[in-house]
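Let us learn to read a structure by asking about one feature at a time. Look first, then ask.

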Amino acid sequence: MNFLEAKKVIFEYVRRGKDGEVDGFKRAIDEVDLDISQGDFIAILGPNGSGKSTLAKHFNSLLHPTEGTIYVDGCDTTDADKIWDIRKSVGMVFQNPENQMIGTIVEEDVAFAPENIGIDPEEIKQRVRESLVMVEMQDHRKSSPSKLSGGQKQRVAIAGVLAMHPKCIVLDEPTAMLDPEGRREVIRAVRALNDVENITIILITHNMEEAVYADRIYVMKDGRIAMSGTPREIFSRVEELEECRLTVPQVTKLAYELRKGGLDIPSGILTREELCRAICR
Amino acid sequence: MIRDITLGQYYPTDSVLHRLDPRVKLCGTLIYVISLFLFQTFTGYIVATVFLVSMIALSHVPVKFIFRGLKAILFILVFTAVLNTFLTPGRELVSFWKITITIEGVRLAAFMILRLVYLIIGSSLMTLTTTPSNLTDGLEKSLGWLKVFRVPVHEIAMMMSIALTFIPVLLEETDRIIKAQQARGADFESGNIIRRVKSLVPILVPLFISAFRRANDLAIAMESRCYHGGDGRTKMRPLAYGFRDIMAYVVLVLYLAVVIVVGIMF
């Protein structure tokens, strides 16, 4: 069995009118199937309101599907006895770094999760040290989170999750509130974790440039998975992506337009170097 | 005004007081505050002054920083002083028109001011030398016996430490909202008191909404990091008494003894 499997997952919530009366049901997730192996780097793309954040909250049992099942590491996410095991193996990083800091010092914040699991003090200290080294924040371990930049805060949040020794990290638009420098820092840290530690990464984003590094991309639209495939496959379908209100990276768009204009270059170009090589050929 | 309140702020230096176990400091502050209200004579206050001054010297916190906390209570100080001076009956000191100042009144006013000032300085000295998380850890540990009476000690301590973490965040937010409303023409400075209070509504409503939203986000983030209350929770740095802390308790007992002796003898 794969690390994370979703079978025909449906999530509905009740829409209420002004006086709290039931106004109808809104289907936020509609028959989603996923199959993710250990060590994968997955990107889930989609415009606002496409259900991608709702889907993310299903992966560590914060939400339960209305219909269908999700298996994480062989456990059903609705199994109340397994809930802490699931949350231990699937860490979550959220959009706003300020709203997920619990400690007044970086070190304390990173120690929060292992303290909750009930690990020995000495082991906690070691895990905190290791996690901070992994995201290159060891020099700031005594600082107050409010003194850090956005990218640094988000890396501390990642370290806080790493200290649980998770098998998978779900990042829900981790770069949406960061400047370009912060974005690069966070994405670099995430890629390193995937490469070096073989941690499964599920990156939820609407920034196409970040999705380029994924092994596989899922594009969501109105609660359904509209497209899936490797970045190269996805980015060669420029028109379909634009229908989902997503803009492809500039290079890809340029290559696409050139190809449409009659230039003989391959489809699905992702980086500037590739485009240069294709044109010079 | 908000920035003047040093109570609850932490001043990072590396002193003996900073390194003491928070439980010792909590206990010490409690004993000190009680002693302030036991003294009825000036001799007693000399003892309290000696104790306080030596603690300030030990803490390495700049004196200016400590006294800044008094600015916030200046009004209360003047108010108590005036009331006590004019309204205490007793032997007449000076009298003009319908107002009489008594010897007892002056004495009482002086005591009240000393008490309030020492109280604020003493307790802010504790928070200045203890990190918020250490403080709540200390509270949780020293009030642990209340769990027998089903008091949710851990939860209260957790709420306190979260509140302390979010004070700067919410202050910044308030500032941002005020500027945003001013940019759209809101006026907070003119008009009588009722109008000014009314003009606070457009600040408070968005502030509360954002605070609730933050609380919701934080709760989800805590849950996904396996938070499930105090049961089975461990600490990265569990509190443990050292030689230094035992010495501090000895000093406290000595102080208490002196207080009692002075109280009986003078």
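The dialogue below takes up rings, charges, the interface and a loop in this predicted model.

Q: How many aromatic pairs does a search of the whole structure find?

A: The search finds eight aromatic pairs over all chains.

Q: Are the rings of Phe75(B) and Phe79(B) stacked or edge-to-face, and why?

A: Two values settle a ring pair: the distance between centres and the angle between planes. Planes under 30 degrees apart count as stacked. For Phe75(B) and Phe79(B) the centres are 5.9 Å apart and the planes are at 20 degrees, so this pair is stacked.

Q: Where do Phe75(B) and Phe79(B) lie in chain B?

A: Both lie in helix α5 of chain B, residues 74-87. They are four residues apart, which is about one turn of the helix.

Q: Is Phe75(B) buried or exposed?

A: Read the relative accessible area. Over 50% counts as exposed, and under 20% as buried. Phe75(B) has 64%, so it is exposed. Phe79(B) has 48%, so it counts as partly exposed.

Q: Which residues do ring pairs link into a cluster?

A: Ring pairs can chain together. Here they link Tyr32(B), Phe51(B) and Tyr255(B) into a cluster.

Q: What lies over the face of Tyr213(A)?

A: A ring can also have a charged group over its face. Arg191(A) lies over the face of Tyr213(A), 3.8 Å from the ring centre. Chain B has a case too: the charged end of Arg23(B) sits over the ring of Tyr241(B), 4.1 Å from its centre.

Q: How many salt bridges does the structure hold over all chains?

A: To find one, look for a side-chain nitrogen of Lys or Arg within 4 Å of a carboxyl oxygen of Asp or Glu. The structure holds 28 salt bridges over all chains. One of them joins Lys7(A) and Glu5(A), with the closest N and O atoms 3.2 Å apart.

Q: Is Glu5(A) buried or exposed?

A: Check each partner on its own. Glu5(A) has 12% relative accessibility, so it counts as buried. Lys7(A) has 40%, so it counts as partly exposed.

Q: What do the side chains of Asp30(A) and Arg27(A) form where they meet?

A: They meet in a salt bridge, 3.1 Å from N to O. Asp30(A) counts as buried, at 12% relative accessibility. Arg27(A) is partly exposed, at 35%.

Q: How far apart are the closest N and O atoms of Arg237(A) and Glu240(A)?

A: They are 3.0 Å apart, and the two residues form a salt bridge. Arg237(A) counts as partly exposed at 30% relative accessibility. Glu240(A) counts as partly exposed at 35%. Salt bridges can also share partners. Such bridges join Glu98(A), Lys153(A), Glu173(B), Arg176(B) and Arg214(B) into one network.

Q: How many residues does the contact take from chain B and from chain A?

A: Count the residues on each side, then look at the area. The contact takes 26 residues from chain B and 36 residues from chain A. The area buried between the chains is about 2,800 Å², and carbon and sulfur atoms give 58% of that area. Arg225(B), Cys226(B) and Met236(B) supply 30% of the area that chain B buries against chain A, more than any other three residues.

Q: How many salt bridges does the rule find across the interface of chain B and chain A?

A: The rule finds five. Among them is the bridge of Arg87(A) with Glu223(B), where the closest N and O atoms are 3.3 Å apart.

Q: Which helix gives the largest share of the side of chain B that touches chain A?

A: Ask which elements supply residues. In chain B, α7 (132-142), α8 (153-183) and α10 (201-224) each supply at least two residues of the side that touches chain A. The largest share, eight residues, comes from α10(B).

Q: Where is Asn207(A) found?

A: Asn207(A) is found in the loop between β8 (200-205) and α7 (208-211) of chain A. Asn207(A) is buried, with a relative accessible area of 14%. A polar atom of the Asn207(A) side chain lies 3.0 Å from the backbone nitrogen of Glu209(A). Leaving aside neighbours within four places in sequence, Asn207(A) is in contact with Leu45(A) and Arg183(A).

Conventions:
Residues are numbered from 1 along each chain as its sequence is written. Chains are lettered from A and ligands numbered from 1 in the order in which they are written. This is a predicted model: local features need pLDDT of at least 70, side-chain atom pairs count only at pLDDT 80 or more; totals for chains, interfaces and linings use all residues. Side-chain values use heavy atoms; hydrogens and water are left out. Rings of Phe, Tyr and Trp (its six-membered ring) pair if their centres lie within 6.5 Å; planes under 30 degrees apart count as stacked, over 60 as edge-to-face and the rest as tilted. Buried means under 20% relative accessible area, exposed over 50%, partly exposed in between (1.4 Å probe, protein chains only). A charge sits over a ring if NZ of Lys or CZ of Arg is within 6 Å of the ring centre and within 35 degrees of the ring normal. Contact means heavy atoms within 4.5 Å. Buried area is the accessible area (1.4 Å probe) that two parts lose on being put together, summed over both. A polar contact is a pair of N or O atoms within 3.5 Å; within protein, one must be able to donate a hydrogen and the other to accept it, and residues adjacent in sequence count only if both atoms are side-chain atoms.
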